[in-house]
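I opened my notebook to look up two things here.

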Amino acid sequence: MDPTIIARLSEIVGENDISTSPLERTLYGHDAAPIPGLLTRFFKTTPDVIVRPESADEVARILCLASDSKVPVIPRAAASWSLGGVIPVKGGIVLDLIKLNRIREVSRDELWVEVEAGVVWQDLMEQLLEQGLTVLSYPTSAPSSTVGGWVSTGGYGIGSLKYGHIGQQIEALEVVTPGASGSRTDELPRRSLFTGLYNHDPRSEIRSVSKGTANPKMEWFLGTEGQFGVITRVKLRIRKHPDRTAVRGVCATRLQDLADLVGELTGMREVPYCVKVLDSGLMALRRKLRGVDAEDKNLVLAVFDGSAKEVRAATAAFDQIVSQHGLEPIAESLAEAEWEERYYPMRIGRLGPTLLGGETIVPLDQLGPVLSEIRSLQEKYHLEIGTEAHVVSKGWAVVLALYLADERKALRYMTRLAVIRDIVHIGLTHGGKPYGLGLWDAVYVRRRFGRKDLQELKRVKKRLDPNGIMNPGKFFRADTRFGIPIPMPLYATLMNILSLACRFL
Amino acid sequence: MEIPELKRLDVEIEPWVCTQCGNCRTVCPVFEQLGWESASPRGKIYYIKRLLQQRPSRRNRMDDEFVKRIFQCSLCVRCEEVCQTQIDMMRLWQAVRADLGQRGLWPKEVQAIREAILSQYNLYSMSNSRRTVWAMMIEEQVLPKVNQMADVAYFVGCVAAFTGRIAGIPESTVAILDSAQVDYTILGPDEWCCGNPLFFVGAHAEAIELARHNLEKLRQLQVRQLVTSCSGCYRAFKNEYPRLLGEEIGIEVLHFSQLLSRLIDEGRLQFSQPREVTITYHDPCETGRHCGIYDEPRYVLSSLPGVELIEMPENRGQSGCCGGGGLLKATHPDLSLDIAERRIHQAIHAGASVLVSSCVTCRLQMSEAIRARNLDIGMYDISEFVAQFL
Ligand SMILES: Cc1cc2nc3c(=O)[nH]c(=O)nc-3n(C[C@H](O)[C@H](O)[C@H](O)COP(=O)(O)OP(=O)(O)OC[C@H]3O[C@@H](n4cnc5c(N)ncnc54)[C@H](O)[C@@H]3O)c2cc1C
């Protein structure tokens, strides 16, 4: 990278917040997924420089500079996602958002909080708890992941069933978009948070996007993985911390029995805060981790919260539904222990030693067949696989299937990657969608958005990021370092070969 | 590249089970100060994995910055508490530090500490005959106790023995022991460093002589119970010695806070000086997370007349670190004070006017930070604090 760019970046963020050290560049060239070296070689995953802006103004200056110089900018929060969203594809500037970590304002009366995008969910929850408040929903990666990261990716997790997608909880966003080249970094628009839009300005813009604004639409920044700009602040609705929480669990041998139960739970008058299914594969792996023999049992966990009265009514209704289904609840203490483990879906990784996984969002009425088919991958590939499904709305469930692998055995490990494709495909054949795209699932972009929405997104991309500097080479298509994208047919062929090898190696 | 020490300490698998989820980043006191991936546990583990993936070649070398980062760690192992896959972080960091030692890559401060311990049997390169220097003002009370046959031995530890600023800790400890009429001995010049600083850098083999010597002396005096107010010595005797020697040491090891709790239960301590004061307890990493002592010190402190014990939000297994451990104080003193300052602010924010801990290093470190950063709170070791009520 041109040293003058580095020098100018250093002027913007200060010398303590920029690094070009070989160690740091190595460490900012990956995310949570253990991708084999053979694959990453198709991309220039090592960034040229890492910067840590402290304010939206600094972000804006960086984007201006990058846009002028046509250098990629890769927003990176906690890097807890695993689809390659924070991995550079053609080097460039990694924008580490760790310093945007202030909780700006909490309104107890109106029940909202305004945070910088790099605030970690758990920190936010702890701070709110001091005032008897809490968030509406959160990802199970709450101990590490950030508010901005979840807005930019999936947005479904614990609490979604009751309070909806993260998008439904956002009052306003502050975003910085790169604008066209020829901009002047010394003339930034003045910031006025959440009061309305800036007039269109050719330079890098700090925009305030509220619910209902037409242009830009807030939706453009939800789940678009840093393609259109950098989210710098989020105003979120929150709630009073519930007085009571009750956890209930039900076991069954037949997956379909539990899938039926789950369908009914979503129709309850007192909507559960969370409903999730852990299939027998996952339960077996967890028991194996504790050195206990497997049981062929699947588990549904349902969590209710609210006032003591509400929770009492909800659990009574739940017990009735369960008995109508002829199912047996598990001991409350066991259900509670399972709930305590909610932040640790990857515990079983120790058995791998590597853990790989695939994720898809599927129609709720297809949950039974989807889980059964995923289960059958165990036989097909002779591997140990376990699945967790979060019911996130009346109609949908996010399914995360995790399986054991061993990164140290390079060839065999490579073939294991094919299983991810199978998991996503099982979802797709049952009317589901990929849960995210990033780099590794960018081939599914059309399946995710459909033709019309995709065209709109492409138009938005052109308008907001005309020089294509924001997180390039993913989401819309997976670009290799040679400038050639990976087309679906090539991807499919490659995966078929790996899949075949995986069955017989 | 090979890192044979991983095998020796039975942590070969650990770098591979890391899911890179980042939970450790949120709690790591060093990462909180520095904020770069290379300073986070997961960043270090990722790099270790990269090293293991390199084909052996003479051109392989450790990145200098990585070496620095490995010693930018207080071994508080808060990372272990939140780890998705429950990585044995302590052993992992020990193994990597040991490997760096074999490559001649230890920081000079670590080298100096090692040499001091091996040549003088104490941390500070002092003559070990001066082990009872702390008792200068109470020689008549203490010297007769040196090398006596007794059930109980008070293991003073290098830090308390040689650091004049905290001589109050051993002074208070013997005052309490006497008040409860405990028949105890101290080893005096025959007390050698417990070896904990060597364990911190995975130099187990070098610590073996120290362990054998200390245990032999204790056995000669027919000691059945060892008491120490140093959380590092406690950890060494309790965790490391049995592992190192491959057998139980045959002596009950108690932290002073545990003994205090027993003495209170047995009615052997009378507190005649009530004092209205709001205090909070800081869990030392080495007695807390490393050894699971959480209840006894709280029990002791709540038994003191007039004392209100309040908790900081980060307590017990989630307790913040004082920054003084893992040789961080020696290798990166400023960073270590920054960490202490953060923890002290938590105590002040909680509304305590006195901060009590049960570790000589925490006491030294936090008192220094309070002075250097002009903070307004009192700081005592549990022995010093309890002695005020006698
Ligand atoms: C144990 C575990 C549990 C998980 N549970 C869930 C779950 O329940 N639900 C779920 O949806 N996911 C889950 N995930 C995946 C992941 O944690 C989430 O996607 C999380 O929201 C990512 O946040 P992050 O801060 O780590 O973002 P990163 O991984 O750093 O970034 C993710 C993507 O968003 C972009 N981005 C990040 N911040 C910004 C910003 N401020 N502006 C613009 N672009 C940005 C990045 O460029 C990247 O493309 C889990 C992961 C783990 C390891």
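I began with a term: a polar contact is a pair of N or O atoms within 3.5 Å. I also noted that this is a predicted model.

**Entry on the ligand contacts.** I looked up Gly85(A). A polar backbone atom of Gly85(A) is 3.2 Å from an oxygen atom of the ligand. For Pro75(A), I found a polar backbone atom 2.6 Å from a ligand oxygen. Trp150(A) uses its side chain: an N or O atom there is 3.0 Å from an oxygen of the ligand. I then checked the cover. The ligand has 970 Å² of accessible area on its own, and the protein covers 95% of it.

**Entry on the shell.** I counted 36 residues around the ligand, and Pro75(A) and Ser80(A) are among those that come nearest. The shell divides into 17 nonpolar, 17 polar and two charged residues. Helix α6(A) gives the most, with four residues. Which chains surround the ligand? Residues from chains A and B do, so the site is shared between chains.

**Entry on the sheet.** I traced eight strands of chain A in an open sheet, in the order β14-β11-β13-β12-β16-β17-β15-β18, with antiparallel pairing. Strands β14 and β18 of chain A stand at the edges with a single partner strand each, so one side of each is left without a neighbour in the sheet. I followed β14(A) to β11(A): they pair over two bridges. Glu328(A) in β14(A) is the bridge partner of Cys251(A).

**Entry on the helices.** I saw helix α8 of chain A lie across β11, β12, β13 and β16, at about 15° to β13(A). Helix α14 of chain A lies across β15, β16, β17 and β18, at about 10° to β15(A).

Definitions and conventions: Residues are numbered from 1 along each chain as its sequence is written. Chains are lettered from A and ligands numbered from 1 in the order in which they are written. This is a predicted model: local features need pLDDT of at least 70, side-chain atom pairs count only at pLDDT 80 or more; totals for chains, interfaces and linings use all residues. Side-chain values use heavy atoms; hydrogens and water are left out. Two strands pair if DSSP finds at least two bridges between them. Contact means heavy atoms within 4.5 Å. Axes are lines fitted to C-alpha atoms, for helices over the stretch in contact, and angles run from 0 to 180 degrees between N-to-C directions. A residue is near a molecule or strand if one of its heavy atoms lies within 4 Å of it. A polar contact is a pair of N or O atoms within 3.5 Å; within protein, one must be able to donate a hydrogen and the other to accept it, and residues adjacent in sequence count only if both atoms are side-chain atoms. Accessible areas come from the Shrake-Rupley method with a 1.4 Å probe; for residues, only the protein chains shown count as cover. Ala, Val, Leu, Ile, Met, Phe, Trp, Tyr, Cys and Pro count as nonpolar, Asp, Glu, Lys and Arg as charged, and the others, Gly among them, as polar.
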